[in-house]
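Student: Please give me a close look at a single part of this structure. I would like one connected account, with the cut-offs spelled out.

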Amino acid sequence: FVFTDAWKQSRSQTASISGSISTRLQWSLSRAAKAMLVTSVTTCSAFLLTAMTDLPIIATFGSFASLVIVWNFLLVVTWFPACVVFHETFVVHPYRGLVAGRMCG
């Protein structure tokens, strides 16, 4: 939700930010990436500490969960913004997109 909130806030910024999808994306990512990184690092660290326990089942869970957190961060920084831009371009404003305008005519 951190990136989504930044994306929504970018709509109400000055025209230099809200004027194009690329500047909105850049502003939103720069605003949200730090918070997402900090929360992912702290959560991953906690699970890595859990991986150091003597109980094999708990250690395996800690290792798995830390890998899931790392992959989640990578996807939230790359894939999710792409999905938001796709949604904004082709669902919210379908006739502003380059492909959508050509598909109908």
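**An aromatic link and its helices**

Tutor: Phe3 is buried, with a relative accessible area of 2% (buried means under 20%, exposed over 50%, partly exposed in between, with a 1.4 Å probe and protein chains only). Bear in mind that this is a predicted model, where local features need pLDDT of at least 70, side-chain atom pairs count only at pLDDT 80 or more, and totals for chains, interfaces and linings use all residues. Residues are numbered from 1 along each chain as its sequence is written, and side-chain values use heavy atoms, leaving out hydrogens and water.

Across the whole structure, a search finds 4 aromatic pairs (ring centres of Phe, Tyr or Trp, the latter by its six-membered ring, within 6.5 Å). In one of them, the rings of Phe3 and Phe80 have centres 5.9 Å apart and planes at 75°, so the pair is edge-to-face (planes over 60 degrees apart). This pair links distant parts of the chain, with Phe3 in helix H1 and Phe80 in helix H4, 77 residues apart (helices are DSSP runs of H or I, at least four residues, numbered from the N terminus). Phe80 is partly exposed, at 33% relative accessible area. Together with Trp7, Phe3 and Phe80 form one aromatic cluster.

H4 (residues 56-92) also meets H3 (residues 21-50): their axes come within 9 Å and cross at roughly 170°. The two helices are therefore roughly antiparallel to each other (over 145 degrees). The buried residues of H4 include Phe73, Pro81 and Val84, and H1 and H3 are among what covers H4's buried residues (contact means heavy atoms within 4.5 Å).

How values were computed. Axes fitted to C-alpha atoms, helices over the stretch in contact; angles between N-to-C directions. Parallel < 35°, antiparallel > 145°, perpendicular 65-115°, else oblique. Phe/Tyr/Trp six-rings, centres within 6.5 Å; stacked < 30°, edge-to-face > 60°.
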